[in-house]
Amino acid sequence: MSDMSPSPALSIAAASQAGAQELRREQKRYLAVYAALTVGTTLTVAMYYVHFDALWQTVSVALVIAAAKAACVAAIFMHLWHGQRDVYRLLFFTGVFAATLFALTIYSLFSLPGSGHYLR
Amino acid sequence: MKIPYTTEIREDTGLYNAKVGMWLFLASEAMLFGALFSAYVFLRIGAWEGEWPHGLLNIPIGAFNTLVLITSSLTVAMSWTSLKMGDLQRYRRFQFVTLICAAAFLGIKGWEYFDKFSHYEIWLNDPLTSKEYPQLAGHSADGDQPVSSVIGHIEGIGPFQTLASLQESGASAVEIHPDAFHYRLSARQQAERRKAERSLGAEGAREAAEEHASVRIDVSRIARMSAFVPRHGTFFATYFTLTGLHALHVLGGALMFAFILWPGARMWRDDPERYTNSVEVTGLFWHFVDLVWIFLFPVIYLL
């Protein structure tokens, strides 16, 4: 184990003091996101036991909570918060294709006899 | 053969190459899961009201598994920052916890699967009435209507049995313990029943025990029998496809982390920046897997 310890010459911790401080701040952000995700999970389970009049209301609330949690993971854990222009471009196209896929699915439901009654 | 690798950040992309590669892979993964989710939406919305099963999955277990996966995402992120600060020991501790979380997630999922494989639904040629089987009173979601199928554990038979295997074994009847809380009731209806039971105290407990009392059904009356396996119906086919593929991703991510943590750790001595990058890109994959579960849990378990 000890032979694997970083030598001072190799250590990327040789990063500046300011860099180490930024990493410590980053760790605090991770802990904050973890707390938010835990609360989000609790809310997701709790909302299932709350009475909603229509299915679409339940679905909307569940997906809004899930989207908020996903945004936290993508922004902080996956470092998108730090502004990675080319990744944004890539994700934009992914989002467009995924949205088209879902739109076609929903659209096709209206052309099937007897289906899509939740949407009408 | 040595694979060329550079840790330099490219001017045009603002990223090192491995990270661009991982994001491209994740984009393709998003489309893969997107296609499966859209298939799920198609089937779910297209199902007639009352036809989509409810209450067949264990919500507390699913919620706990969500927390396990979220915890592993935290430890992955913390391990990467530990490496960036040059603290290999701290990185190892965090990654060890990540692997424990991955094993726990897969273990719990495996237990859930086995529980499903040992649960059965029996469809009957002619519906059962509460007059004939008093223990079935109130089992249907709409009161005391006759029930055309019964869900529960069957005494004395293992997982994956079918009507054909039952007939081959020469059994003339089965003893099924119908589960009132697995009987096409939404979680809210289940919660209301449990609350009503608790408020009745000992009387409620006695009623619950009566409801769970076994029902003896002649094999000749059974039209179809299936464990909760993909062939059971559309719900379990989509459930096993989505969660199975996700579990394979968890397994793949855990294997990559284990490789980097143990045999791959030699790289730390020779090229620490590359080693740190490998943890970061594998971490990106892991967070994506977490992200997929964040949507899977409410969609499959709760809606």
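Predicted model: local features only at pLDDT ≥ 70, side-chain atom pairs only at ≥ 80, totals over all residues.
At what angle do helix α1 (residues 17-46) of chain B and α9(B) pack, and how far apart are their axes?

**View 1. Packing of α1(B) and α9(B).** The two helices pack at an angle of about 15°, with their axes 10 Å apart. Because angles under 35 degrees count as roughly parallel, α1(B) and α9(B) are roughly parallel to each other. Their crossing is right-handed. From α1(B), the contact is made by B:A18, B:K19, B:M22, B:L26, B:E29, B:F33 and B:Y40; α9(B) contributes B:N277, B:V281, B:L284, B:F285, B:F288, B:V292 and B:V299. By class, eleven of these residues are nonpolar, one is polar and two are charged.

**View 2. The largest nonpolar core.** This core holds 72 residues, of which A:V73, B:F288, B:V289, B:V292, B:W293 and B:I294 touch the most other members. Helix α9 (residues 272-302) of chain B gives the most to the core, namely 15 residues.

**View 3. The contact between chain A and chain B.** Chain A and chain B each provide 49 residues to the contact. On the side of chain A that touches chain B, α1 (17-48), α2 (55-77) and α3 (85-109) of chain A each supply at least two residues. The largest share, twelve residues, comes from α1(A). This side of chain A comprises 31 nonpolar, 14 polar and four charged residues.

Definitions and conventions. Residues numbered from 1 in each chain as written. Chains lettered and ligands numbered in written order. Contact = placed C-beta atoms within 7 Å. Helix = DSSP H or I, 4+ residues; strand = E, 2+ residues; numbered from the N terminus. Nonpolar A, V, L, I, M, F, W, Y, C, P; charged D, E, K, R; others polar. Core = buried A, V, L, I, M, F, W, Y, C linked by C-beta atoms within 7 Å. Buried ≥ 20, exposed ≤ 12 C-beta atoms within 10 Å, placed from the backbone. Axes fitted to C-alpha atoms, helices over the stretch in contact; angles between N-to-C directions. Parallel < 35°, antiparallel > 145°, perpendicular 65-115°, else oblique. Left-handed = near helix turned anticlockwise from the far one by under 90°.
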